[in-house]
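Please have the sequence and the model open while I talk. I will go through some charged pairs, and then the packing inside.

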Amino acid sequence: MTDPIDSAPDAPASSWADFLERAGAIQGREIAPARDVLAEGARRIEAAFEAGAHIDSLVTARSELVDTVLAGAWETLVDTPDACLVAVGGYGRGELLPHSDIDLLILYRDGQLDDIGPALEAFLMHLWDIGLEIGHSVRSPVECAERATDDITIMTNLMESRALAGDLSLFAAMRAATSAEHIWPSAEFFKAKVDEQQTRHARYDETAYKLEPNVKESPGGLRDIQTIAWVAKRQFATDTLDGLVDYGFLSAREFTELKRGQAFLWRVRFALHTLTGRAEDRLLFDHQIQIAQMLGYSDAENTLAVEQFMQRYYRNIKALSALNDILLQLFSEAILHPHQTERPRPINERFQARHGFIEVTADDVFTETPSALLEIFYLMQTRPRLTGIRAHTLRLMRRDRHLIDENFRSSIHCRRLFTEILRQRSGVTRALRRMNRYGVLGRYLPNFGRIIGRMQYDLFHTLTVDEHTLFVIRNLRRLALPRFDHELPFASELMQTLNKPQILLIAGLMHDIAKGRGGDHSVLGERDAREFCTNHGLSSDDTDLVCWLVRQHLLMSMTAQRRDINDVTVVNEFAREVGSRARLDRLFLLTVCDIRATNPSLWNSWKESLLVDLYTSTRRALERGLDDPLDEDELIAETRSAAAALLTRTKVNTPRFKAVWERFEPDYFLRHSPEEIARQTRAIVSHEGRDGPLVSLTYIEDQGTTLFVYTRDRDYLFGVTTGVLAQLGLSILDARINSTRDDYTLDTYVVCDENGESITEEYQRYEVEQALIDAIADPAVQHIDVTRRASRRSRYFNVPTQIYFSEATERDCTIVEIITADRPGLLSEIGDVFRESGILLETAKIATIGERAEDIFFVTDHDHQPLRNRARLLQLRQTLTAELDKTGP
């Protein structure tokens with residue numbers, strides 16, 4: 001597919017030079033004409049952008065326009081031999097986008113500031129009057145040197161300066177005073193700029209593969225290109241990037257790649273400024289669809305226009321990051337270690353080590369032995385003292401990586417090398433990340449190459465598919481290393497008992513490899529996995545296990561989040577689907593690592609406990625035997641016995657808690673753990689004889705925060721409870737609604753704050769409990785007006801409400817599945833509709849998939865029977881749809 005940015009033609013040549021000449025003729029003090037010139041110039045530049053003019057000319061045109069207006073104003077309002085007007089920063093480079101900062105430096109001759117002050121003030125006021133928002137400083141050349149000595153940012157701005165008007169000798173004096181001979185010698189400047197870049201990258205978690213990247217500041221962004229230019233200017237006195245070609249730091253091909261990447265980012269940034277009307281560098285969700293349209297992308301069969309655009313963006317910054325690596329390393333050698341002559345230490349006939357870096361022994365290593373393109377990563381894995389790849393070798397890899405073709409992929413030796421990389425006890429994640437960064441992984445696995453930079457336009461997936469996949473590998477590897485046992489003790493212990501852990505790594509590598517091709521990516525990915533395993537010599541049993549994991553990698557998370565895992569029928573069905581302990585162990589681990597790598601806010605202690613509970617129940621069912629499934633009565637008896645033991649141990653009177661239990665339905669003992677039953681029973685016993693509802697918010701480490709509500713049943717209880725929680729900014733992760741035989745309700749919710757964190761502080765728990773007690777105890781409160789707004793991001797998605805009904809025959813209830821736009825108070829709205837429709841809620845499975853709520857409710861009529869009347873179900877669907885679409889974001 002041809003990229004629209006690459007294929008956009010230049011606009012026809014305009015009369016820009018004539019326009020600037022006419023603009024320069026305007027007297028500088030005339031405000032209205034100057035405003036008209038700026039407005040007309042901006043219109044011409046925007047029209048040229050829309051017509052496809054080359055972005056370099058547009059960036060320069062804006063600078064030329066401002067130059068013309070400033071020079072005319074200076075000549076009219078200042079015109080003194082004791083001052084000089086200087087452009088600095090991006091404006092100094094002659095690069096201005098529609099709303100870029102216009103930074104000025106006014107140089108004055110020592111002792112003359114008081115005399116020229118009124119003229120300068122008039123000049124600056126004029127600039128504000130004509131609509132130019134400028135940043136300015138007024139200094140002498142000596143003051144510039146003093147300030148720059150203490151501030152690397154000021155030094156950098158002064159390096160990118162050019163005189164616009166006035167006495168040029170002052171400009172020459174400033175440049176001389178701030179040269180590398182006097183302050184910030186190139187070695188110190190280089191170190192400071194590298195530190196600055198590392199700090200900046202750390203602010204963005206060392207990755208630009210985020211939902212809303214910063215075009216300027218994120219890794220691989222425009223600031224990285226500027227860092228290269230700054231260092232080159234300080235060390236080599238070259239004002240343009242093409243000077244690096246002359247000095248041998250860039251090949252002609254790399255220079256073209258660098259300029260193409262810069263032009264792409266400029267075009268994106270130009271579109272952002274035009275769209276927002278301000279200096280915006282964040283590629284927010286709000287803007288991505290419109291930017292894609294502005295740049296000429298259109299929806300394809302399996303890919304949205306915005307996804308195509310963002311894939312191009314991510315691939316662009318990936319290539320720029322690789323070039324940044326090469327150039328900064330070359331600069332380091334030239335600037336910091338120009339005379340180091342350490343002799344290389346041989347590794348083998350193809351590679352050697354120097355200064356802790358691996359390098360080729362000759363420039364033709366990759367052309368003579370293409371498999372060395374994989375071997376280099378294996379050697380780094382097995383030699384931890386090697387910290388990186390020499391820049392010259394990286395350049396050769398980039399030059400020769402086209403040799404990774406069908407013959408390369410079919411080579412037994414190459415396949416063994418790749419398999420060995422996956423089998424190593426350490427360095428697997430680092431090796432795969434490097435292979436991806438330097439363009440090797442996507443060529444060795446072409447289908448992986450198709451997902452590089454691929455994003456999904458939703459709020460659920462926060463990383464590109466390739467980055468997500470590598471995070472899954474990283475998560476799996478951490479489980480295998482004892483030093484990370486504290487993160488997920490249960491999963492770590494399980495992982496460290498497995499033989500052939502590379503099988504799980506292969507499944508992780510393949511699980512999303514078919515995203516974006518159309519069709520079920522799990523089914524298509526299974527085919528890719530089988531081909532990979534067959535080609536790489538896995539046994540038929542291992543191949544079948546990998547393929548099953550890829551095909552079913554969503555099975556456990558979907559079961560845990562969308563089914564009632566306290567129902568033995570669900571557990572037995574899941575156990576039959578899994579079939580063996582080997583599959584269960586690996587599916588559990590893959591599921592944990594997949595969820596943790598999808599979206600940081602998805603993972604919490606409750607999600608972990610949910611998966612552990614499903615794993616434990618399923619393991620027990622498998623150990624018992626699929627021909628002897630778990631029995632509800634048996635489970636209830638076991639749970640009651642364990643809970644009774646806990647209560648007796650804490651000296652709760654046996655007759656008292658047994659009297660409480662006599663009022664409970666058997667279902668209660670299936671849907672709560674013994675620990676939870678004991679905790680709730682103790683609370684009920686202690687509350688006996690008191691007025692009002694019992695509300696208890698409890699935080700348990702590794703399980704999260706649980707809310708327990710015990711009260712006489714009343715109208716709209718679910719809607720009121722969930723409304724209060726929404727108004728307090730809490731999210732509901734799970735809801736279990738139980739009734740007693742004497743018309744009390746036992747409601748249990750798992751909750752977290754809006755950041756996905758548990759409620760741990762005592763004052764927070766008290767606030768929640770008191771708000772709920774006040775609302776539940778007041779019979780006049782039947783609805784809570786939730787005033788909290790949906791998130792900024794979610795408001796840009798249209799999720800039409802979809803409602804599906806099915807019958808859970810084993811539980812004598814109806815399942816209502818609701819898919820709609822997520823927002824605060826959603827559950828309260830649904831609960832109100834249920835109550836008004838005469839429907840009882842038994843339990844709910846709450847799942848938020850980015851901007852989508854996909855919630856499942858188990859309901860009955862007032863006689864505790866399923867909803868079998870078709871007309872009633874149709875009416876319920878209409879009522880819910882009207883209510884939810886009406887109040888959607």
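Glu40 has a relative accessibility of 26%, so it counts as partly exposed. For the terms: buried means under 20% relative accessible area, exposed means over 50%, and partly exposed is in between, with a 1.4 Å probe and protein chains only. This is a predicted model, in which local features need pLDDT of at least 70, side-chain atom pairs count only at pLDDT 80 or more, and totals for chains, interfaces and linings use all residues. Residues are numbered from 1 along each chain as its sequence is written, and side-chain values use heavy atoms, with hydrogens and water left out.

Which residues form salt bridges with Glu40? One is Arg43, with the closest N and O atoms 2.9 Å apart. Another is Arg44, at 3.1 Å from N to O. A salt bridge here is a side-chain nitrogen of Lys or Arg within 4 Å of a carboxyl oxygen of Asp or Glu. Why does the spacing in sequence matter here? Arg43 and Glu40 are three residues apart in helix 3 (residues 31–51), so about one helical turn separates them. Glu40 and Arg44 are four residues apart in helix 3, which again means about one helical turn. Helices are DSSP runs of H or I with at least four residues, strands are runs of E with at least two, and both are numbered from the N terminus. Arg44, at 25% relative accessibility, is partly exposed.

Next, Arg282 and Glu280. Their salt bridge has its closest N and O atoms 2.9 Å apart. Is each partner buried or exposed, or in between? Glu280 is buried, at 4% relative accessibility, whereas Arg282 is partly exposed, at 41%.

Salt bridges also link Arg200, Glu217, Arg223 and Asp224 in a network. Over the whole structure, a search finds 53 salt bridges.

Now the packing. A nonpolar core is a set of buried Ala, Val, Leu, Ile, Met, Phe, Trp, Tyr and Cys residues joined through side-chain atoms within 4.5 Å. The largest one has 219 residues, and Phe331 and Phe418 have the most contacts inside it. Helix 15 (residues 305–336) gives the most to this core, 16 residues. Leaving out residues up to four places away in sequence, Phe418 touches several others, including Leu374, Met435, Tyr444 and Phe532; contact means heavy atoms within 4.5 Å. A second, separate core has 43 residues, among them Val724, Ile818, Val833 and Leu873.
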